[in-house]
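Here are some notes on the model, written for a first reading.

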Amino acid sequence: MANGEDGCCLKDVLVTFQSCLNDQQEILMDPYVAGWKGLVRFLNILGTIFSFVSKDAVAKIQIMENYRSSDQKDQYSTLHSMVKYELASNLVDLKKPGDQPPSGCRTILRLHRALRWLQLFLEGLRTSSEDSSASALCTEAYNASLAKYHPWIIRKTALLSFYVLPARNTFLELMNVGTPADAVAMLEEALPSIVKVYDITEALYAQHNLLDIP
Ligand code: 1PZ
């Protein structure tokens, strides 16, 4: 496992999520997607064992970047405008996947569910005792969030891959913000904005009955 020497600093990534909200408390697509790109960079530091995760995240990021560079790019400037546009244009397959290319709403829903895992995992790291294992914290966060959306084979693969994660303090050092205590302070500052982005997205999707897009 490499350390954070390639300049990937999780702090910058989390700050990107802080810049996601506009004055109307809507979520801006570009920083949201940029935040995910940064998370994937961090994930790659953790080793190739997670490439099955980063491949899927990269594919979803790519779908959103394509929408953002298409003729309809302005419709995708915020999560709110995307939902409005895709629903009004009948672009969201609410019954079964496959017939149309994945909608932005479906794609963001997958990332949104993963954001809940991230929130729980980082919260676990922040509040756990020094001798905890990141692997156990990650498993706990996964079981309480993403696991219920994944078929057995993905759950099995994910849970096995978590075994390579190091001790909690070593993981906090990989974040490249200084000592474990510095990383904890950084998380304390950054987590509220992740929670806010998650809650606003959740409310938006609930309001439009989009939380179960297949
Ligand atoms: C610190 C260790 C990181 C472990 C990552 C924990 C998340 C485990 C997620 C396992 C995903 C497995 C790959 C494929 C999953 C897809 O089937 C699903 C549903 O998409 P669909 O098939 O319906 O199109 N994809 C997802 O659930 C999105 C997963 C994105 C995960 C991004 C993780 C970013 C990690 C950041 C690390 C700091």
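Predicted model: local features only at pLDDT ≥ 70, side-chain atom pairs only at ≥ 80, totals over all residues.

1. Two terms come first. A helix here is a DSSP run of H or I with at least four residues, and helices are numbered from the N terminus.

2. How many residues surround the ligand? There are 20 of them, and the closest are Asp56, Lys60, Arg106, Arg110 and His150.

3. Which helices supply this shell? Helix H2 (29-45), helix H3 (51-68) and helix H5 (104-127) each supply at least two of its residues. H5 gives the most, with five residues.

4. By class, the shell consists of 15 nonpolar residues, one polar residue and four charged residues.

5. A nitrogen atom of the ligand lies 2.7 Å from an N or O atom in the side chain of Asp56. An oxygen atom of the ligand is 2.8 Å from a polar side-chain atom of Lys60. For His150, an N or O atom of the side chain is 2.8 Å from an oxygen atom of the ligand. On its own the ligand has 850 Å² of accessible area, and the protein covers 89% of this.

6. Where does the ligand sit? The space it takes is the largest pocket. The volume of this pocket is about 830 Å³.

7. Five helices each supply at least two residues of the lining: H2, H3, H5, helix H6 (134-143) and helix H7 (152-161). The largest share, nine residues, comes from H5. H5 is also the helix that gives the most to the shell around the ligand.

8. What classes of residue make up the lining of the largest pocket? The lining divides into 27 nonpolar, one polar and five charged residues.

Terms used:
Residues numbered from 1 in each chain as written. Heavy atoms only, no water. Near = heavy atom within 4 Å. Polar contact = N/O pair within 3.5 Å; in protein donor to acceptor, adjacent residues only side chain to side chain. Areas by Shrake-Rupley, 256 points an atom, 1.4 Å probe, with all protein chains shown as cover. 1 Å grid on protein atoms, 1.4 Å probe; cavity = no way out; pocket = protein on both sides within 12 Å on 5 of 7 lines; lining within 4 Å. Sits in = over half its atoms within 2 Å of the grid points. Nonpolar A, V, L, I, M, F, W, Y, C, P; charged D, E, K, R; others polar. Points joined across faces, edges and corners; volume = space filled by probe spheres on them.
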